[in-house]
Amino acid sequence: MKKILQLKDVSLTYQTIEDEIYAIENLSFYCNEGDFLSIIGPSGCGKTTVLSLIAGLLKPTSGTVEIDQKSPDPKTGNIGYMLQKDQLFPWRTIRKNVCLPIEIKKCKNQLDYKYADELLAKYGLEKFKDKYPRQLSGGMRQRAALIRTLVSNPKILLLDEPFSALDSQTRLTVCDDVYKIIKTEQKTTVLVTHDISEAISMSDIIIVLSERPAKIKSVHTPNIYGDTPIRKRESKDFGVWFEKIWKELHT
Amino acid sequence: MKNNNQFSANHIKYVKRIKKENRIVSISRFALLFFLLGIWELLAYTGIIDSFITSSPSKIFTTIIDLFINDNLLYHVGITLYETILGFLIAVAFGFIIALVMWWSSKIRRILEPYVVVLNSLPKIALGPIIIVWCGSGSKAIIFMAVLISIIVAVITMLNGFLETDENKILLLQSMGASKIQILFKLVIPGSLPTLISMLKISVGMAWIGSIMGEYLVSRAGLGYLIVYGGQVFKLDLVMASTIVLCLLATLMYASITFLEKKIIRFK
């Protein structure tokens with residue numbers, strides 16, 4: 001297995017006028033190609049900060065972050081970032097939204113646009129491509145947002161509580177939908193969430209973080225039977241894992 | 001469009017009710033106008049009110065015709081339109097650029113903030129004498145006044161629009177490796193289009209205030225001049241007639257921006 005993502009002794013300190021905030025302390029973990037890794041922890045513990053570090057939007061105060069043995073740089077298009085809510089631009093059609101990463105890139109390539117169209121067709125958004133985001137359902141918009149992250153063919157997908165803005169019904173189906181697409185595209189994924197069942201139903205590896213400054217509390221590899229999140233939720237092991245991680249988080 | 005017979009009776013009833021209400025509203029608007037004009041005309045005609053002071057709709061109408069034929073109404077309209085539109089365009093263009101600079105650099109924004117606050121609270125009309133001394137008593141002074149009155153509000157409105165850009169969307173673009181220029185052109189400016197439209201609407205009203213104020217102070221031509229002149233020689237017919245023309249022009253300009261809004265913003 002190839003280690004695609006590695007964090008070594010990463011610490012991050014924020015400066016404010018009043019204080020110095022220790023957000024992350026000596027965080028080390030790695031992720032193999034194709035893994036689905038979840039980071040879970042109490043709110044405000046700096047989970048999103050970890051994603052910003054991996055994305056190269058923040059530099060660690062000490063320690064190293066490496067993607068494919070290189071320190072991360074947003075310009076390479078190595079990562080695809082998916083945020084809370086779909087963040088589609090309301091004035092762009094779905095196709096233009098999906099092609100946004102191509103426009104940002106320095107050297108545009110006709111093949112990139114072809115790839116975007118292929119993805120749209122593959123995941124059933126072709127007939128919506130000239131529609132505006134408000135004309136689509138929440139689930140469809142989330143799917144469009146996912147395809148936007150896939151367009152630059154990133155090595156790692158970063159998901160920052162991508163389902164938190166959805167209602168609980170759509171949440172389960174969209175979660176299933178996103179999982180299937182990620183598995184089809186064989187993408188390495190780092191998910192940040194505070195939802196324990198979401199983490200268990202999707203991940204190969206779960207990292208539980210402590211309160212700030214964030215340190216690793218424990219690492220789990222739930223090997224639950226089932227090929228989709230919804231199936232995994234039906235499994236007997238699911239409850240066992242849920243209880244275990246719930247206790248971890250609340251002690 | 002579906003056929004009528006595909007809808008339930010209830011739906012047809014509902015649509016009929018809405019359409020009826022719309023009709024009543026538009027008929028009533030005109031009815032109210034004609035009612036007011038009629039009362040005005042009647043009171044003036046029977047001598048209950050003194051038409052020397054209040055004028056009357058028929059006199060206003062004949063004055064407009066007379067102005068048009070004998071006094072070159074179009075010339076005055078042209079002068080005022082020229083001053084207003086030029087003042088409006090200068091204010092909007094510079095307002096937009098200044099707001100952009102203030103968005104781009106938070107340092108410049110912080111430096112300029114107190115100046116903007118002071119200029120915003122100052123009644124610009126107080127600068128009238130200074131403007132006359134600097135620009136002379138012609139169109140230049142009036143345009144300057146129109147710009148001065150509209151530009152500050154234009155800057156403030158536009159800057160607020162830029163600053164309201166969703167932080168998460170900026171983060172998203174940064175994660176794609178976007179530069180600040182790209183963030184500006186892909187997100188901040190297109191996302192502020194609705195704000196731009198409301199800025200245009202506010203500015204056009206402000207530019208009218210500026211140009212008419214300016215004409216009150218200095219001019220020798222224009223609608224503002226006609227109004228002031230009419231007031232000085234006690235020709236209320238002239239004052240009212242010019243005001244009506246002004247009212248129509250201002251509405252027309254506002255309506256053309258609303259038209260522009262519908263053309264540009266299709267995603268809403």
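Predicted model: local features only at pLDDT ≥ 70, side-chain atom pairs only at ≥ 80, totals over all residues.
**View 1**
The secondary structure of chain B consists of 12 helices, with zero strands, and when it is read along the sequence the pattern is accordingly α-α-α-α-α-α-α-α-α-α-α-α. The radius of gyration of chain B is 24 Å, whereas the globule rule gives 18 Å for 268 residues, so the chain is more spread out than a compact globule.

Chain B is divided into domain 1, which covers residues 4-49, and domain 2, which covers residues 63-264. Taken over C-alpha atoms, the centres of domain 1 of chain B and domain 2 of chain B are separated by 34 Å. Among the contacts in chain B that link residues at least 6 apart in sequence, 73% join residues at least 24 apart.

**View 1. The surface and charges of chain B.**
Chain B exposes about 16,000 Å², and carbon and sulfur atoms supply 69% of this area, while buried residues make up 37% of the 268 residues in the chain. The side chains of chain B include 24 positive and 13 negative ones, and the centres of these two sets lie 14 Å apart.

**View 2. Ser55(B), in a loop between two helices.**
Ser55(B) is placed in the loop of chain B that runs between α2 (51-54) and α3 (57-70). Although Ser55(B) is not a glycine, its phi is positive, at about 60°. The relative accessibility of Ser55(B) is 0%, and because buried means under 20%, this residue counts as buried.

**View 3. Asp9(A), in a strand of chain A.**
Asp9(A) is found in strand β1 of chain A, which comprises residues 3-15. The phi of Asp9(A) is near 45°, which is a positive value in a residue other than glycine.

**View 4. A cis peptide bond in chain A.**
The peptide bond that joins Arg212(A) and Pro213(A) is cis, with an omega of about -5°. Pro213(A) is found in the loop of chain A between β8 (205-209) and β9 (216-220).

Notes. Residues numbered from 1 in each chain as written. Chains lettered and ligands numbered in written order. Heavy atoms only, no water. Helix = DSSP H or I, 4+ residues; strand = E, 2+ residues; numbered from the N terminus. Rg over C-alpha atoms; globule rule 2.2 N^0.38 Å. Buried < 20%, exposed > 50% of the residue type's maximum accessible area, 1.4 Å probe, protein only. Contact = heavy atoms within 4.5 Å. Areas by Shrake-Rupley, 256 points an atom, 1.4 Å probe, with all protein chains shown as cover. Lys, Arg positive; Asp, Glu negative; His and termini not counted. Charge placed at Lys NZ, Arg CZ, Asp CG, Glu CD. Domains from an automatic or database assignment.
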